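Please have the sequence and the structure in view while reading.

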Amino acid sequence: MNMKLKILRYGVNGEGIALYNNKIVFVPFALKDEIVDVQILKDNKSFCTAKLNNILTKSDNRETPICPYYYDCGGCNLQHIKYKEQLLIKKLTVENNLSKFANCNFLVNDVIESDKQFNYRNHVSFHVNDKGELGFYKENSNSFVKIKKCYLANETINKCIDIFNSYFFDNKIYGYSAKTKQGTIKMVDLKIVDNKLLVTIVSTKLNLENLEHLFVRLNLLKIKYGVYISLNTSNNFLIYGEKLKHIYGIKQIETNEENIKSFISSYSFLQINNHIKSLIYNDILKNVEGKVAVDLYSGRGVLASMLSKIFKSVYAIEIVKQACVDAENILKLNNINNVKVLCGDVENFFSKIQEKIDCIIIDPPRKGTTPNVLFDILKSKPKIIVYLSCASNTLARDLKFLLHENYYKIKLVQPYDMFPNTPHIETLVVLEKNEKKY
Ligand SMILES: C[S@@+](CC[C@H](N)C(=O)[O-])C[C@H]1O[C@@H](n2cnc3c(N)ncnc32)[C@H](O)[C@@H]1O
């Protein structure tokens with residue numbers, strides 16, 4: 001069924017939302033205030049999804065996407081929207097999630113812009129198809145999109161696409177298929193910082209054919225690089241395999257983050273936008289105080305190292321062993337001896353801290369944290385809680401718990417555009433203890 005609709009607002013993925021017979025209609029790639037001709041694809045009980053056929057009245061905020069794969073790939077959903085409007089949409093998303101899931105109408109600051117809107121990603125994991133070509137899977141689908149370049153990625157990462165395509169082609173190395181259980185390569189994971197590249201090939205076997213052919217090609221980049229193979233024989237595509245084998249070049253990327261000498265390893269987490277990471281870490285430092293701080297979900301411990309300059313003692317809790325090893329090495333390298341790294345699940349390790357805690361920083365994965373951790377946080381009664389989140393819906397869910405009974409009040413909600421051209425948002429929330437309640 002085709003129909004003419006007016007787009008009233010945006011959904012959480014930047015899609016247009018219209019109303020038809022009091023039912024919500026999601027129209028991907030349509031902008032607010034546009035009048036569009038659509039075809040209804042699915043008519044569910046409470047909502048419809050539609051395909052945009054024609055734009056009858058075009059918004060001034062419409063932009064021509066620069067990426068030729070944009071409408072097929074699904075890796076970014078906002079390229080067709082002018083940057084200023086993207087920032088407004090993200091601010092609105094944070095406001096809506098706080099109001100909907102946390103029942104909180106605190107004033108959200110404007111989103112802080114990224115210095116780059118393209119080529120900002122310093123870490124990309126590519127899938128490989130059954131012909132040995134790099135690309136992405138369209139979100140929530142089995143449809144593989146072969147790409148020559150990702151406009152969000154650093155340019156050296158893009159140069160690697162051709163390098164891997166030709167190495168795999170010449171050596172008849174193919175991507176693993178979960179369906180047929182044929183093929184070898186599950187993922188090619190690339191991290192680049194300070195022009196140093198770390199490659200992790202996730203593979204069903206530890207030895208790949210003629211690896212020297214790969215090194216000859218990577219040498220042409222004329223940068224320092226290292227290559228690992230992560231063995232993963234199970235039926236998933238996780239980069240963390242059963243065994244990690246270093247096969248060539250540098251073992252880690254050595255760098256300097258906010259005056260902390262640091263390392264980036266194959267398995268440890270890397271904030272993907274250097275500029276925004278730096279702004280956030282410095283904003284966190286401006287909002288904390290006290291003697292004892294705990295950094296939950298601490299990754300490689302760079303933030304904990306920065307906190308060591310303010311606090312008498314700092315605890316960092318992280319589950320990935322290699323990230324904890326990195327953190328220990330970073331502390332040694334910087335002569336920091338007031339940070340204790342606890343390697344394990346926050347859920348089990350947080351309650352082991354015996355000292356009186358003044359400040360808790362929490363930066364969990366997209367799914368947020370657990371009720372047990374939130375309970376432990378409240379039980380430890382810190383003066384300040386800093387919550388950094390890459391998903392404002394789970395952030396809002398967790399805030400609802402922390403704000404319950406007004407033991408804490410919000411001091412700051414600051415979104416950052418860590419992921420331009422995608423609907424994702426990084427948000428920093430600072431909570432202060434409500435002394436009147438204690
Ligand atoms: C969003 S990252 C933040 C890392 C760090 N704060 C940074 O800025 O680089 C989340 C981190 O939580 C870790 N993690 C995930 N689940 C965990 C858990 N249950 N306990 C401890 N750490 C966990 C991940 O390995 C990852 O390093």
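Seven strands make up an open sheet with mixed pairing, in the order β9-β8-β7-β10-β11-β12-β13. Strands here are DSSP runs of E of at least two residues and helices are runs of H or I of at least four, numbered from the N terminus; two strands pair if DSSP finds at least two bridges between them. The model is a predicted one, in which local features need pLDDT of at least 70 and side-chain atom pairs count only at pLDDT 80 or more, while totals for chains, interfaces and linings use all residues. Residues are numbered from 1 along each chain as its sequence is written.

At the edges of this sheet stand β9 (144–146) and β13 (243–249); each has a single partner strand, so one side of each is left without a neighbour in the sheet. From one strand to the next the twist averages 35°; angles run from 0 to 180 degrees between N-to-C directions, and axes are lines fitted to C-alpha atoms, for helices over the stretch in contact. Within the sheet, β7 (residues 123–128) and β8 (residues 134–137) run antiparallel and are joined by two bridges. Val128 has Leu134 in β8 as its bridge partner. Helix α3 packs on the sheet and touches β7, β8, β10 (185–193) and β11 (196–203), contact meaning that C-beta atoms, placed from the backbone, lie within 7 Å. The direction of α3 makes about 150° with that of β10.

Helix α3 (residues 155–170) also meets helix α4 (residues 211–219): their axes come within 10 Å and cross at roughly 155°. The two helices are therefore roughly antiparallel to each other, a term for angles over 145 degrees. The contact is made by Ile163, Ser166, Tyr167 and Asp170 of α3 with His213, Leu214, Arg217 and Leu218 of α4. By class, these residues are four nonpolar, two polar and two charged; Ala, Val, Leu, Ile, Met, Phe, Trp, Tyr, Cys and Pro count as nonpolar, Asp, Glu, Lys and Arg as charged, and the others, Gly among them, as polar.

Another open sheet has six strands in the order β1-β5-β6-β4-β3-β2, again with mixed pairing. Its edges are β1 (2–6) and β2 (9–10), each with a single partner strand, so one side of each lacks a neighbour in the sheet. Strands β3 (residues 16–20) and β4 (residues 23–27) pair in the antiparallel sense over five bridges, and Gly16 has Val27 in β4 as its bridge partner.

Of the 18 residues around the ligand, Phe269, Tyr297, Gly299, Ile319 and Asp363 come nearest, where a residue counts as near if its C-beta atom, placed from the backbone, lies within 6 Å. Two or more residues of the shell come from each of β17 (313–318) and α8 (346–349). The shell has ten nonpolar, three polar and five charged residues.

Notes: Parallel < 35°, antiparallel > 145°, perpendicular 65-115°, else oblique. Contact = placed C-beta atoms within 7 Å.
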